[in-house]
Amino acid sequence: MKNRRHLLIFCCFLLSACFPCRGQQTELERDFRTRMNVQYGESLPTIIKQITHSFLGTPYIARTLEGNKTEKLVCRFDGVDCTTLVENVLALSITKKKQADFNFFKDELTRIRYREGTINGYSSRLHYFTDWIYENSKRGILKDITQELGGIPLGKTINFMTAHTNLYPSAETPEVWDELRTFEDSINQRSYFYIPTFDIQKIEPLLNDGDIIGITSAIEGLDCNHMGIINKIGNRAYLLHASSVQKEVELSEVPLSQYVAGNKNNNGIMVVRPVDFEP
């Protein structure tokens, strides 16, 4: 009997070592269910705005997708950066509209974050906002409306990553850098538009709750510095975003045009509108 008891203890030890902590997984799923159980509006843009509000005050954690030895899906609600806030909100909102489950949410997050919706190493992640727009527009969940709003050609070469290899230690091999260079070349063969800073206030009345904003960069080789989600107050647009300055998710104190103008590295915006659908 004693030997059997020791064997049982040993087997339990092996199981605990081989499987992830159920407490952590349960906590994330519990948070997911809490958000899904809230009564939101019916349209996708309204759901996006309301779910973004549920993240207000969430700590800002820089580079939340970096630091893994191998590329894998990172899914957390307890800390976000500007990119993971937007991706989490979009995936959660689509999941809510479809009344789907946690597994669907994780799959949707993967589809939003990775080229062709497949994790295939570091280069498969959509690192550039322009590439992110392109891939998710192909899926029909987003529409780039920047040109419709009066945007002008972006007119710059996108190559920041391959020009600053020291900033991206996760891209370790020459093969990965070759792939990233190929994707940059693809971006540069497409046409993109932006609304210059001095024109933003004029188009603020045309923006909707739930629109996704990429703040375009004055830095050579980089398309966007930051991203967030629009919250309308009257005819003015404000930015719901993960702030590296305030160290949390916040609603900007000033309207979008003033917020963008407040950083010399910003020179305008791109506007992407989520496409609503019937569940």
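## Basis

Local features in this predicted model need pLDDT of at least 70 and side-chain atom pairs count only at pLDDT 80 or more, while totals for chains, interfaces and linings use all residues. Residues are numbered from 1 along each chain as its sequence is written, and side-chain values use heavy atoms, with hydrogens and water left out.

## Nonpolar cores

A nonpolar core is a set of buried Ala, Val, Leu, Ile, Met, Phe, Trp, Tyr and Cys residues joined through side-chain atoms within 4.5 Å, where buried means under 20% relative accessible area with a 1.4 Å probe and protein chains only. The largest nonpolar core has 53 residues, and Leu90, Phe105, Phe129, Trp132 and Ile212 touch the most other members. Its largest share, 8 residues, comes from helix H4 (residues 82-98), helices being DSSP runs of H or I with at least four residues, numbered from the N terminus. A second, separate core of 15 residues includes Ile200, Ile203, Ala237 and Val271.

## Cysteines

The structure holds 0 disulfides, a disulfide being a pair of cysteine sulfur atoms within 2.5 Å. The sulfur of cysteine 82 has its closest cysteine sulfur in cysteine 224, 9.6 Å away, which is too far for a bond. Cysteine 82 is buried at a relative accessible area of 14%, and cysteine 224 also counts as buried, at 11% relative accessibility.

Conventions: Buried means under 20% relative accessible area, exposed over 50%, partly exposed in between (1.4 Å probe, protein chains only). Helices (H or I, at least four residues) and strands (E, at least two) are DSSP runs, numbered from the N terminus.
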